[in-house]
Each structure stands twice: as C-alpha cells, then as structure tokens.
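Here are a few notes to go with the structure, written for someone opening it for the first time. Have it on screen as you read.

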Amino acid sequence: MLNLALEAGRTHTPEAVLFWFLAPLAVAAALGMLLVKKAVHSALLLAWVMISLAIIYIAQDALFLGIVQIVVYTGAVMMLFLFILMLVGVDSSDSLKETIKGQRPAIIFVSIGLIGLFLSLLGRATIGVPAIGLTKANADGNVQGLASELFTKYVWAFEVVSALLITAALGAMVLAHSQKTKSKFQQRDLSIARFRGKSLATAAGLPSSGVFARHNAVDVPALLPDGSPSKLSISQTLDARGDMIESKIFELEAREVEED
Amino acid sequence: MTTSTHLVYLIALPLVSAALLLILGRLADKWGHLLATLVSASTFAFAASEFFAMRSRSGAARATTQKLFDWISVGTFKVDAALLLDQLSICFVLLITGVGTLIHIYSIAYMSHDRDRRRFFAYLNLFIAAMLLLVLGNSYLNLYVGWEGVGLASYLLIGFWNQKPAYATAAKKAFVANRVGDVGLSLAIMIAFAQFGTVSFAGVAAGAPHASSAALAAMGAMLLLAAAGKSAQFPLQSWLGDAMAGPTPVSALIHAATMVTAGVYLITRSNFIFDASSTARLLVVIVGTITLLFGAIIGTAKDDIKKALAASTMSQIGYMILATGLGPIGYAFAIMHLLTHGFFKAGMFLGAGSVMHGMNDEVNMRRFGGLNRFLPITAITFGFGYLAIIGVPPFAGFYSKDKIIETAFNAGGTKGYILGICALLGAGLTAFYMTRLIVMTFWGTPRWSRDEQHPHESPALMWVPMAILAVGSVASGFLFTSGNSMVHWLAPVVNPSGAEGGAELMKPIVVSLLALGVVVIGVAYAIFKYRTVPVEAPEKVTVFTRIARRDLMQDAFNEAVLMRPGQKLTTGLVWADYSFVDGLVRAVGFTLGTSSQAVRKIQNGYARTYALVMLVGVLALVATIWMVTL
Amino acid sequence: MDISNYLYLSIILFTIGAVGVVIRRNAIVVFMCVELMLNAANLAFVTFSRINGNLDGQVASFFTMVVAACEVVVGLAIIVTIYRSRRSASVDDASLLKR
C-alpha cells in the first residue's frame with residue numbers, strides 16, 4: 001500500500017512525482033476524448049483516464065476504491081461501452097463540426113466560468129486548512145474501515161442502492177427487449193415469393209456458386225452457358241465487399257492439353 | 001287570511017296547456033285551439049267560483065294565500081313562492097280570464113286560416129298564465145316573474161307574424177321599451193330589500209310608514225317607471241302603437257285584459273308606498289295627465305283604425321294612472337275604469353278585427369265608410385263600446401270616467417283645477433276621435449271599391465264574444481257604482497284607513513253635466529268636420545296635425561335623445577374598447593409573442609443545448625454559492 | 001506538493017467532461033463524458049476524505065460508482081433502443097421535442 005501521507009497538508013516527493021506524471025496524462029487523455037473522431041478511441045482514452053484515477057486513489061489511501069475503479073469501471077463499465085459501440089457500429093466516426101449556432105462560444109464561456117469559480121471556491125475552502133490524513137481512519141485497514149462505515153452508518157443507503165441496482169437491471173432488460181411484430185419468413189413464404197416475383201427465371205432457385213470440379217468455395221461465381229460469371233450465384237455481401245474471386249483462374253486449360 | 005291549496009291551478013292550467021301545445025308541435029294542430037280555449041274557460045270558471053267563495057266570507061278572511069315552496073332563503077332574507085288572492089287580485093283574475101276566454105273564442109275563427117294557429121293559442125295561454133302570476137304573486141319578486149313572463153308573451157305575440165321584418169321590429173321595440181320599465185321594477189325591488197329587508201307586499205306595507213321619505217319617493221318613482229313601461233305611459237309609450245303589428249285578438253288582449261293593466265295593478269298594489277309619499281303621488285299624477293292628453297291627441301290624427309284605438313288605450317290608461325295618483329280614494333276608481341275599459345276596449349278591438357276580417361285586412365279608415373249596412377252586428381257592438389268610452393250615460397264609461405274627473409277636481413287647489421280641466425279636455429278629445437272613428441268607418445258613403453272589397457259579417461264565433469263584451473260595456477259601470485259596491489269591495493286592500501276624498505269642489509251632478517257638455521261638443525265637431533272624408537289624407541294641414549300624425553314626435557324624440565347619442569356612445573365605446581382595451585391586450589400579446597419567438601430559439605429540441613442550459617444553471621448556482629460565502 | 005492539486009485535477013476533468021457532453025454528438029461518447037464527470041467528482045470525494053481524515057468521502061464515492069453503473073446500464077439500453085428504431089446514435093437526430 002502506498003501510504004504516503006505523513007505530513008499535514010504536504011505529501012512526500014514520490015507522491016508528487018506520481019501526481020505530476022499521471023495528472024497531465026489524464027488531462028491530455030480527457031481532452032483527447034473530446035477531440036478524436038472515433039468513439040472507440042474515445043473509449044480507450046477514457047479507460048486510460050480511469051486507470052490513472054485508480055492509481056491516484058490508491059496513492060490517496062483509498063485502496064478499495066482504487067481496486068473497484070479498475071474492476072468495475074475500467075473492467076465492466078468500459079467493456080459494456082465497447083460492447084454497445086460494437087453493436088451500433090464501430091466504424092461510425094463523429095464529425096466535430098458544430099451544427100448548433102452559439103453552442104461553441106457558450107460552452108467556452110461556461111467552462112471558463114466553471115473552472116474559475118470552482119478554483120476560487122476550493123482555494124478559499126482548502127488553503128491554510130491542514131489535511132488530517134487517513135492514517136488513523138485506516139488503522140484497521142482501508143477495506144475494514146469502509147466496511148464498518150457501510151454496514152453501520154450507511155447500511156440503509158446500502159440497502160436502497162441494492163434496490164436501485166435491481167431496478168436498473170430490470171429496466172435495461174425491458175428497454176432492450178424487442179418483440180417481433182411479424183412471423184418469421186418460412187420456406188413456404190419464400191417459395192410463394194419466388195413465383196410471385198417479377199420474372200420466373202429464378203423461380204427454381206438461384207444458381208449455386210462454385211466451380212465444383214476444381215474449387216467449391218462460396219466466393220467463386222458459377223459460370224453461365226456463355227462462359228461469363230453469374231453474380232447471382234454468390235452472396236451479395238461478398239460481391240459488395242470485393243471478396244468475389246474470379247472464376248477464370250479455376251478454368252481447365254483444355255487447349256494446352258490438346259497441344260500436348 | 002284564508003289558506004288555500006288550489007290557487008296554483010289558476011296559473012298551472014294555462015301554463016301546462018301552453019307547454020303542451022308548444023312541445024307537441026304539429027301533433028296538436030287539430031285540437032290545440034280547442035284545448036287552449038277550454039283551459040282558459042275553465043280557469044275563468046275556477047276564478048268565478050273563487051270569487052263567489054270570497055264573497056261568502058267576510059272581512060279579513062276574504063284574502064286567500066297559498067305557499068308553494070321556499071324560493072329564496074339566505075340568512076334572514078326569505079322569499080316564498082306564494083300566491084295571494086284578495087279583493088284586488090280577483091278583479092284582475094276575473095278580467096284576465098273572462099275577457100281572455102272571449103278573445104280565445106274569437107281567435108278560433110279569426111286565426112282559422114293561419115297555419116300556426118296552435119302556436120298562437122299556446123302563446124295566448126302563456127300570456128294568461130304570466131298575467132295571472134303577476135296579479136297573484138304575494139311579493140314583488142313573485143310579481144316580477146309574472147311581469148317578465150308578460151313581457152315575453154307580448155313579445156312573442158306582437159311578433160307572431162315575424163316573417164315581416166316590420167312586425168319583428170315592432171315586437172323588439174315593445175320588448176326593449178318594456179326592459180326600461182323592468183329595470184325600474186328591479187330597482188324598486190332592490191330599494192324595498194335595502195329599506196325594509198323584505199320584498200313581500202305585507203312586509204313592505206308594514207314598513208312603509210316608518211321609512212324615509214327619500215326612499216319612498218325613490219321606490220315610488222321606480223315603480224312608476226315600471227308601470228310606464230308595461231302600461232305604455234309617458235315617456236315609455238312609443239311601443240304601444242307599433243304593437244298593433246300583432247294579430248288583432250292580441251291587441252285586444254294586450255289593451256283590455258293583460259299587459260297594459262299591469263302598470264295600474266302595480267301602482268294600486270303598492271298603494272302603501274304612494275300613500276306615504278306625496279312626491280311619488282305627484283309624479284304619478286303628472287305622468288297620467290300627460291299620457292291621457294298625449295294619447296288623445298295622437299288618436300285624433302290616426303287613420304289606421306287599430307292605431308287610433310291604441311292611442312285611445314294609452315289615453316284611457318292615463319286616466320287610470322291619474323286616478324291612482326289621487327290618493328286612497330282614487331284606486332277604486334282606477335280599477336273600476338280599468339274593468340269597464342277592459343269590456344269596451346276589448347269589444348272595440350274585436351270589432352276592429354271583425355271589420356278587417358270583412359275588408360281583406362284593410363286598416364285605413366279613409367278607405368272604409370258606410371259599413372254599418374254590411375256589418376250590422378259589428379256596428380252595433382262597436383257602437384255600444386263607443387258610447388261607453390266617450391262616457392254617455394248610462395254606459396259603463398260614464399260612471400267610471402266621471403268619478404275620475406270628479407276626484408281630479410277634488411284634489412284641491414290649483415292642482416285640482418289643472419287636473420280636472422285636463423281630464424275634461426281629455427274627455428272631449430276622446431269624444432272627438434272616437435266619433436271620428438265611428439263616422440269614418442261605419443257612416444257616410446262607401447270609399448272602397450265594390451269590385452275588390454266584399455264586406456261581410458263575421459261568423460258567430462266572432463260576433464258572440466263581441467256581443468257579450470258589448471253587454472259588459474253597457475252594464476258594468478252601473479253594477480260597479482250602484483251602492484259604491486266597487487269602492488267598498490276594494491277598500492280593505494287599497495284604502496284600509498278609510499280615507500275620504502277631498503272636499504267637493506262642485507256637486508257631482510255639475511261635473512257630470514260639464515263632462516257631458518264637453519263630450520257633446522267633441523261629438524258634434526267630429527260629425528261636422530267629417531261630413532265628407534277624403535280618401536287620401538289631406539296634405540295641406542297645420543303643423544300640429546303633422547306632429548300629431550307622427551305620434552307627437554315620440555319616435556323622433558326617442559331617436560334624437562336616446563338612440564343617436566346612445567349609438568354615438570356605443571360607437572365611441574367600441575372604438576375605445578378596440579383601441580385602448582384591446583390595444584393593451586394586443587400589446588401584451590404582441591410582446592409575449594415576440595419575446596416567445598426569441599425565447600423559443602432556445603427550445604431547439606437538441607439535448608445538447610438543454611445540457612448546456614443546465615450547465616449554465618450549475619454555473620449560476622456555483623456563482624451564488626461563491627458570492628454567499630464571500 | 002499541495003494536496004489541493006488533486007482537487008484542481010478533479011475540477012479540470014469535470015469541466016472537460018461537461019464540455020464533452022455539450023459538444024459531442026455521439027450518444028455513447030456523451031455517456032462516456034458523463035462518466036468522466038462522475039469520476040472527477042469521485043476524485044474530489046476521495047481527496048476530501050483524506051483532508052478530513054475520515055472515510056465518509058470514500059463511502060460517498062463508492063455509492064457514486066454504484067449509481068453510475070446503474071445509469072450506464074439503463075442509458076446504454078436506451079441508446080440501443082433508439083438506435084434500433086432510428087439507425088443512429090447521434091443525439092442531434094433525436095430532436096423531436098423541437099416541434
């Protein structure tokens with residue numbers, strides 16, 4: 001444990017080094033969150049900020065919180081974020097151009113005002129006030145100290161929070177649940193749709209892919225009687241992605257054989 | 001005071017019948033008029049039985065009451081919906097139901113060609129019900145309900161042929177003029193409430209002697225205004241002439257049995273107010289005198305037979321109002337004249353209707369002439385009414401009108417002379433214009449085309465009511481005056497203290513002779529002047545005639561003094577409302593709208609902007625903390 | 001080194017997170033920025049805990065983590081739902097409140 005708080009109001013040099021190493025990086029990462037276009041990058045930067053904070057917690061005699069910060073936040077919450085990001089499209093990148101008029105100047109003004117006021121307030125509140133330090137409070141260990149607080153003084157709040165957690169879990173289930181309004185497309189429906197289609201050319205089904213003699217991959221189009229590849233025979237996704245392979249290379253070179 | 005449980009049927013019967021006829025609609029077309037007439041007749045029979053029952057009782061037991069339900073009960077202020085049938089009410093009830101029934105019978109024939117006859121009868125029944133409620137209510141508030149009902153029914157009936165815009169306008173005019181009076185009545189009720197804490201007749205009568213003279217005068221003036229509205233007295237008289245737009249039976253009903261008598265009833269009923277306030281009495285007398293001359297003068301210039309009769313009604317009601325203003329002794333004479341007038345005026349209106357019926361609805365008397373040979377029964381019944389109204393003994397009008405003239409003379413001092421002479425003058429004018437009417441209609445040479453007009457006598461359904469009314473015009477005056485029966489009958493209600501009239505200025509016989517002389521002069525001049533009647537009204541006439549033909553400029557007066565300034569005021573107010581009030585509202589709206597337009601740009605739907613706003617809020621919060629902890 | 005430096009770091013990270021919430025359009029990145037803000041707050045808690053010499057700050061930080069986990073679970077579920085119906089994870093596309 002990095003129990004470094006010894007002198008009232010002052011910290012030891014190692015902690016200062018740690019702080020001056022972590023704090024600028026955390027601020028830079030936080031700023032980066034705002035400035036990068038891809039949400040995934042933002043998430044990674046946030047994870048970095050959270051880990052920095054976890055270390056700082058531990059440096060501040062808050063061992064339990066530091067660990068929880070890493071396990072719950074950086075571990076669970078950030079994973080959830082990434083999971084949802086994947087779900088809604090990992091590639092979507094945000095344009096940073098402001099579309100609402102007056103938003104930028106207003107937020108600049110407000111943020112400067114907030115920082116100024118908070119600094120002034122905190123300065124007034126803390127300058128000249130000696131820090132007591134947690135040595136005494138953590139005498140039985142940080143986890144034990146927190147536990148005795150939680151299960152005595154804050155036990156009611158603790159119980160209420162458990163109710164909140166269950167409610168949130170249920171709420172998430174209800175919100176994310178979707179109901180099918182149409183029945184699934186069955187084989188029968190597909191068959192009917194084929195015959196009701198514009199032309200009867202595909203009524204018997206689409207051509208299957210592959211040049212079966214040499215190659216049976218799904219990314220090789222079948223050949224039509226005139227020798228041209230049929231795009232209908234392979235998945236449209238493969239075609240759109242450019243993953244369709246020319247069937248030419250699999251053709252037998254009949255002429256060479258004749259010459260031999 | 002006797003209590004009764006069946007007085008309410010007097011009102012309920014015609015009311016239910018009216019509702020039935022109106023709700024059933026065309027289903028009741030075949031028998032609606034019969035039902036209405038039957039109901040009216042049975043109401044009369046009921047009223048007659050009540051009358052005889054009342055006669056058989058004596059003293060204070062004669063008055064009958066019935067409490068229907070608690071109407072208003074607020075703190076100490078209580079108004080019951082209750083009915084009161086006393087010696088005064090029964091006169092009106094009998095007149096309303098009796099003459100009303102005759103008019104119903106007459107209307108069966110008169111309206112037989114109208115496809116809305118059923119509706120007409122429904123309105124007639126409604127009119128009777130409302131008028132009965134008016135005279136039977138035991139408080140000013142109950143009376144007010146009937147009062148408004150009468151206003152409504154008269155509006156519906158005057159505008160019965162409302163497909164003609166002029167008739168609809170006449171109905172509206174009557175309605176509006178009545179509203180002015182109604183404001184007076186409601187103010188009077190408010191004064192009564194404020195002054196006496198009650199609105200029942202008994203309560204107000206008990207409190208009247210102790211009230212301040214200013215309050216009594218104010219209440220009297222307001223009651224007079226109300227009476228002027230309903231009874232077409234100066235200055236609210238202008239609607240009466242136009243009310244002739246309604247079918248002729250309606251005119252008979254309005255002029256004889258209902259509506260215009262309501263004002264006289266109101267003042268007579270409020271005798272305790274007027275007895276206690278000489279100011280109010282003086283106002284009544286002035287209004288009555290002006291109106292009796294006003295109506296008589298208009299009557300001399302009218303060529304329309306119905307309008308001439310309408311002017312005469314105005315004048316005769318003026319006599320009644322004058323009588324009510326002459327103190328306790330006058331009320332009985334006013335009611336007496338009202339009853340006799342009910343007979344002869346109804347008879348004459350029905351006669352006029354009969355003439356119109358025979359003459360293709362022609363009303364211009366200059367196009368009549370010599371009709372006595374073609375409509376003999378009408379001529380005779382009309383003649384009886386004529387003799388009654390001008391006051392020839394022994395016809396009804398002689399007794400009742402003479403009493404009023406006499407009482408006017410006896411009012412004392414200069415006032416007595418002025419009133420008496422005015423009343424005499426009115427009698428002369430009455431004789432003149434009624435003779436003019438008779439001469440132009442029934443005498444002389446025919447001034448109508450024999451090719452187009454085929455005058456004929458009306459059917460029995462029409463002339464029988466006229467005949468009955470003619471009998472009334474002959475006999476009623478004698479009946480009422482013999483042994484002062486009317487005065488004694490009404491005394492407990494209108495003259496409880498038993499006050500006598502003023503000192504006799506002249507012997508009654510002298511007054512009668514004077515009146516008769518004036519009448520003879522009027523008749524003679526009319527006969528002389530209308531030896532020949534030009535078919536077209538002469539153009540070269542004096543300015544006075546012109547003014548009289550235009551109803552003494554009453555409409556011009558109303559227009560110039562009330563309508564135009566009112567219009568100007570309204571236009572100004574509309575403008576002020578539009579530019580200032582609305583302008584203010586619009587300015588507020590505009591400001592809000594414009595600022596909202598600006599503010600709604602913040603509400604752009606982007607969650608990011610909302611987040612920004614939240615952040616600004618955080619900034620403000622932190623800034624506040626910063627400043628507080630400074 | 002003054003212990004307040006941790007607090008200054010916390011403030012800077014918090015503000016950067018706030019700016020990120022407002023300027024980034026990708027809902028997932030916005031969420032990550034919210035996480036950054038929560039972490040910055042946690043750092044402040046831990047530091048205050050050390051200054052005050054008791055563990056209450058660390059407990060608060062612990063609860064923050066739990067709540068943040070709940071928030072992430074529900075928030076990401078919402079993002080998935082929106083993505084399913086709109087084929088986009090941009091917060092600007094979900095601007096139906098405008099009209």
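1. What pLDDT does chain C average? Keep in mind that this is a predicted model. Chain C averages a pLDDT of 88, and 97% of its residues score at least 70. Within that chain, helix α2 (residues 27-52) of chain C has the highest mean pLDDT of its elements, at 92, while helix α3 (residues 56-86) of chain C has the lowest, at 89. For the model overall, the scores are ipTM 0.92 and pTM 0.62.

2. Next, look at how chain C meets chain A. Here 62 residues of chain C are in contact with 71 residues of chain A. On the chain C side, α1 (4-23), α2 and α3 of chain C each supply at least two residues. The biggest contributor is α3(C), which gives 22 residues to that side. By type, the chain C residues touching chain A divide into 41 nonpolar, 14 polar and 7 charged.

3. Chain B also touches chain A. In this case 12 residues of chain B are in contact with 11 residues of chain A. The chain B side splits into 9 nonpolar residues, 2 polar ones and 1 charged.

4. Now for chain B itself. Its secondary structure comes to 24 helices and 3 strands. Of its 630 residues, 53% count as buried. If you take the contacts in chain B between residues at least 6 apart in sequence, 81% of them join residues at least 24 apart.

5. To see one of the pairings, follow β1(B) and strand β2 (residues 64-74) of chain B, which run in the parallel sense over 2 bridges.

6. Why is helix α10 (residues 248-257) of chain B described as largely enclosed by the rest of the structure? Because 10 of its 10 residues are buried. Among them are B:Val250, B:Leu253, B:Ile254 and B:His255. The cover over the buried residues of α10(B) includes α3 (87-110), α4 (117-136), α5 (140-158), α11 (260-269), α14 (305-324) and α15 (328-358) of chain B. Just after α10(B), have a look at B:Met259, which takes a positive phi of about 45°.

7. Finally, the nonpolar cores. The largest one has 206 residues, and those with the most contacts inside it are B:Phe127, B:Leu132, B:Leu322 and B:Ala346. Helix α15(B) provides the largest share of this core, 17 residues. Leaving aside residues up to four places away in sequence, B:Phe127 touches B:Val150, B:Ala153, B:Leu157, B:Leu253 and B:Thr258. One of these, B:Leu253, is also among the buried residues of α10(B). There is a second, separate core of 84 residues as well, and it includes A:Leu45, A:Leu114, C:Leu7 and C:Ala77.

Definitions and conventions:
Residues numbered from 1 in each chain as written. Chains lettered and ligands numbered in written order. Predicted model: local features only at pLDDT ≥ 70, side-chain atom pairs only at ≥ 80, totals over all residues. pLDDT = per-residue confidence, 0-100. Helix = DSSP H or I, 4+ residues; strand = E, 2+ residues; numbered from the N terminus. Contact = placed C-beta atoms within 7 Å. Nonpolar A, V, L, I, M, F, W, Y, C, P; charged D, E, K, R; others polar. Pairing = 2+ DSSP bridges. Buried ≥ 20, exposed ≤ 12 C-beta atoms within 10 Å, placed from the backbone. Core = buried A, V, L, I, M, F, W, Y, C linked by C-beta atoms within 7 Å.
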